[in-house]
Amino acid sequence: MLEVDVRHAFGAFRLEAAFSAPDRGVTAIFGPSGCGKTTVLACVAGLLRPEAGRVALGPETLFDGAAGRFVRPERRRCGVVFQDARLFPHLSVETNLRYGLRRAQLGAAGPAFAEVVELLGIGHLLARRPGRLSGGERQRVALGRALLSRPRLLLLDEPLAALDADRKGEVLPFLLRVRDRFGLPMLYVTHALDEVDRLADRLVLMAAGRVLAADTVEALSLRTDLPLAGRRDAGAVLACRVARHESGRGLTALSFAGGELLVSEVPEPPGAAVRIRVRAGDVAVATAPPHGISTLNVLTGTLEAMEPSGAHEAMLRVRVGESALLARVTRDTLDRLGLAPGRPVWALVKSVSLSA
Amino acid sequence: MALTPEEWDAVRLSLAVAMRAVLFGMPLAVGAAWLLSRGRFWGRPVLDAVVHLPLVLPAVVTGWLLLVLFGIRGPLGGPLLHWFGVRLVFTTAGAALATAVMAFPLMVRAVRLSLDAVDPGLEAAARTLGAGPLDRFFTVTLPLILPGILSGGVVAFAAGLGEFGAVITFASNIPGETRTLPLAIYTATQTVDGEATAAKLAVVSFTLAVGLLLLADLLGRRMQGWLGR
């Protein structure tokens with residue numbers, strides 16, 4: 001387990017962040033620019049020595065302000081993937097990849113060179129110089145270089161932020177592969193919610209130098225009291241499995257704890273885990289079972305909570321079995337339908353609004 | 001335009017003196033540039049001033065200071081002669097020392113400029129990959145500042161070929177020992193019928209200087225390309 005509790009000040013900015021991350025899976029640190037998330041990562045990597053606090057990885061204390069303990073970054077065995085890749089421009093891709101491998105601790109376990117090269121699909125780039133790579137290729141090499149240094153923890157600092165949408169799509173699948181293949185704990189700093197949805201198991205939500213909340217992505221997506229709920233792309237994140245493909249209809253049925261959703265057909269095979277975000281703005285609510293509508297997904301539930309959102313809107317939380325959905329409606333709707341917590345409602349979700 | 005043996009001597013000596021000055025001066029220049037670019041200590045402006053002093057002081061004064069320091073009874077020259085049997089005044093080694101001191105600011109400036117251009121993020125990345133301070137310097141920083149070292153070295157070499165004031169003050173004007181190109185030219189102008197010698201050596205001087213400056217520029221650009229920028 002990674003335990004972080006750091007305090008640091010730059011001029012007027014104060015960082016006071018504490019959270020922990022489990023030994024497995026991806027923990028995303030999410031927040032707006034300037035909230036201190038990259039600083040937290042630098043404290044874990046050892047590239048910044050905070051004024052006070054403690055950082056521990058498993059049994060080893062990496063930093064303890066009170067005890068004056070500070071492990072230098074070169075001894076921390078934390079692989080870092082920077083936003084700007086930071087490949088050594090004077091070395092070939094292969095030499096870059098081997099840079100950390102050659103300096104890795106003797107006896108430290110980790111993937112072999114050939115395995116990493118194959119997994120990241122960078123075999124054809126080995127002889128090239130970093131200057132001749134595309135942005136996406138550069139990030140894949142940077143990821144490989146960090147993996148090959150035999151780290152205990154992988155730190156990723158907005159690795160996709162400098163890439164356009166197409167290039168992002170070139171790198172994201174490889175991040176998923178790395179996550180699934182190596183079981184290495186990953187700390188992933190980002191300000192893009194779609195990356196959180198695709199990659200992260202847990203979410204540490206930051207704003208203005210503080211941790212607002214830390215929990216699973218699914219649990220935090222349902223909290224209407226966090227800044228997340230104010231975003232236009234707010235919505236419940238559901239962990240689903242592919243139940244079956246209805247190829248004749250061009251649909252896939254996803255099952256989740258609480259029911260089933262029909263979505264536009266996805267490529268994953270039956271049984272595969274997929275996660276979807278049901279955006280609150282795409283969910284409509286009815287107080288009687290609707291008839292004759294195009295919407296395929298009509299889920300029976302109970303209105304659990306209502307929270308004002310902005311000047312004219314409200315966020316509704318609808319309990320559906322063991323899960324819940326969020327729905328964004330106007331204040332006018334609350335009055336018109338006489339909505340109140342405890343009331344049975346039907347949540348309507350258009351299939352085309354869902355993408356896994 | 002054939003050179004006499006004495007004239008060849010002056011050319012050869014100039015090349016040897018400038019070469020030694022750059023070879024011995026450059027490692028120190030890299031160290032000084034590192035301190036000036038990366039160091040955070042109170043004496044940095046003082047070091048900066050001292051490094052640049054030879055650029056602004058009259059060369060004769062620099063040569064005189066060297067005489068005071070490295071003379072056989074000087075605070076550095078005395079022990080050097082006593083413990084190592086090394087005498088610098090009036091020797092080729094002394095001419096190289098005077099040339100190195102004069103060319104030092106040129107080397108430091110070139111190296112410092114390239115050091116300032118090295119992204120400290122690359123060194124940070126090397127740290128996270130397990131590289132200690134010396135390891136980082138030799139595998140990341142040094143290769144990245146190599147263009148600056150090479151082009152700075154060539155410029156310093158070109159300037160060193162023509163160092164006059166400090167050399168003549170500290171090392172005197174001894175044929176075959178310390179009479180480098182500019183000293184030979186100066187001597188020729190002071191001699192009856194020396195015009196031909198002076199003109200020939202001036203042409204050599206001019207050609208070397210222009211050629212070396214072009215080489216420095218070419219090296220700089222080639223190396224940048226080699227670094228993939």
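**Entry 1: chain A overall**

Helices here are DSSP runs of H or I with at least four residues, and strands are runs of E with at least two, numbered from the N terminus. With that settled, I counted elements in chain A and found 8 helices and 20 strands. A reminder to myself: this is a predicted model.

Next I looked up the overall dimensions. Along the principal axes, its C-alpha atoms fill a box of roughly 65 × 50 × 35 Å. I also checked burial: 42% of the 356 residues in chain A are buried. Then I turned to contacts with a separation of 6 or more, and in chain A 66% of them come from residues 24 or more positions apart.

**Entry 2: the two domains**

Where does the domain assignment of chain A put its bounds? I noted domain 1 at 2–221 and domain 2 at 235–353. Their C-alpha centres lie 34 Å apart. For the contact between them, I found 4 residues from domain 1 of chain A and 7 residues from domain 2 of chain A. On the domain 1 side, helix H7 (residues 217–221) of chain A gives the most, with 3 residues. By class, that side of domain 1 holds 1 nonpolar, 1 polar and 2 charged residues.

**Entry 3: a sheet in chain A**

I then followed an open sheet of 5 strands in chain A, with the order E16-E20-E17-E18-E19 and antiparallel pairing. Which strands stand at the edges? They are E16 (283–286) and E19 (323–330) of chain A; each has a single partner strand, so one side of each is left without a neighbour in the sheet. Ignoring direction, neighbouring strands of this sheet are turned by 45° against each other on average.

I took a closer look at one pair. Strand E17 (residues 297–309) and strand E18 (residues 313–320) of chain A run antiparallel and are joined by 7 bridges. Along this pair, I found A:Ala305 opposite A:Arg317 in E18(A).

**Entry 4: chain A against chain B**

Last, I looked up the contact between the chains, which takes 23 residues from chain A and 16 residues from chain B. On the chain A side, the elements giving two or more residues are strand E7 (78–81) and helix H2 (93–102). E7(A) supplies the largest share of that side, 3 residues. By class, I noted 11 nonpolar, 5 polar and 7 charged residues on the side of chain A that touches chain B.

Methods
Residues are numbered from 1 along each chain as its sequence is written. Chains are lettered from A and ligands numbered from 1 in the order in which they are written. This is a predicted model: local features need pLDDT of at least 70, side-chain atom pairs count only at pLDDT 80 or more; totals for chains, interfaces and linings use all residues. Two residues are in contact if their C-beta atoms, placed from the backbone, lie within 7 Å. Ala, Val, Leu, Ile, Met, Phe, Trp, Tyr, Cys and Pro count as nonpolar, Asp, Glu, Lys and Arg as charged, and the others, Gly among them, as polar. A residue is buried if 20 or more other C-beta atoms lie within 10 Å of its own, exposed if 12 or fewer, and partly exposed in between; C-beta atoms are placed from the backbone. Domain bounds come from an automatic or database domain assignment. Two strands pair if DSSP finds at least two bridges between them. Axes are lines fitted to C-alpha atoms, for helices over the stretch in contact, and angles run from 0 to 180 degrees between N-to-C directions.
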